[in-house]
Amino acid sequence: MSSRVVLSIDVGYRNCAKVLGEVLETGHATRVVVLRAEVCDVLQGRRHMNVADTASQVVDHLLPWVDQATEVVCEAQVRASGVNYGIAHALLGAARARGVPFAFMRAKRKFAVLDDPSDRTPLKKRAVAQTKLLCRHPGAHLCVKNFVPPFCKAPKKDDLADALLQLLSHVDWSAGQR
């Protein structure tokens, strides 16, 4: 059995969501134990300055999380001119400088773990609904007790839902393992 700790980040300075999970792989199943989860406004309501200063603040906020991980996965940002693009790439540099492997994931790939890929409900709503279902019925291969309280308290649940689904997709977890 092998073990690794994966940090999944839904980048943002207003709603920065992160889920840290221990991934235990046996020959026939992948078990994920959520260690920590949080969504927060890194700038605490202040206006963002420029991309460099904002990215620096978000990276500084995330470094203690990166230091606990053996690898990091982050949603690929599609708008090269956006602040989140700058944050994501600054984070890539910070993780690599610490020797922590870093991967970008296409936004739609994280939805691969959803039970019904043919469902036409908007992805954000489906992500939240699927995450609620996983919280109620996690099965034997998913432990979410450290995820449920921050998820329930989050005013904007889709960011934490995205971070959890991204983590599960990154490690090829399958709801069929239940």
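Mentor: A salt bridge is a side-chain nitrogen of Lys or Arg within 4 Å of a carboxyl oxygen of Asp or Glu. The model is predicted, so local features need pLDDT of at least 70 and side-chain atom pairs count only at pLDDT 80 or more, while totals for chains, interfaces and linings use all residues. Residues are numbered from 1 along each chain as its sequence is written, and side-chain values use heavy atoms, with hydrogens and water left out.

Trainee: What makes arginine 4 and glutamate 71 a salt bridge?

Mentor: Their closest N and O atoms are 2.9 Å apart, and the limit is 4 Å, so the pair qualifies. The two residues lie 67 residues apart, arginine 4 in strand E1 and glutamate 71 in strand E4 (residues 71-75). Strands here are DSSP runs of at least two residues, and helices (H or I) are runs of at least four, numbered from the N terminus.

Trainee: Which residues are linked with arginine 4 in a network of salt bridges?

Mentor: Glu25 and Glu71 are linked with Arg4. Glutamate 25 and arginine 4 have their closest N and O atoms 3.2 Å apart.

Trainee: Why is glutamate 25 called partly exposed?

Mentor: Buried means under 20% relative accessible area and exposed over 50%, with partly exposed in between (1.4 Å probe, protein chains only). Glutamate 25 has 24%, so it is partly exposed. Arginine 4 and glutamate 71 are both buried.

Trainee: Why does aspartate 172 count as exposed?

Mentor: Its relative accessibility is 60%, and the cut-off is over 50%, so aspartate 172 is exposed. Aspartate 172 meets arginine 109 in a salt bridge at 3.6 Å, N to O.
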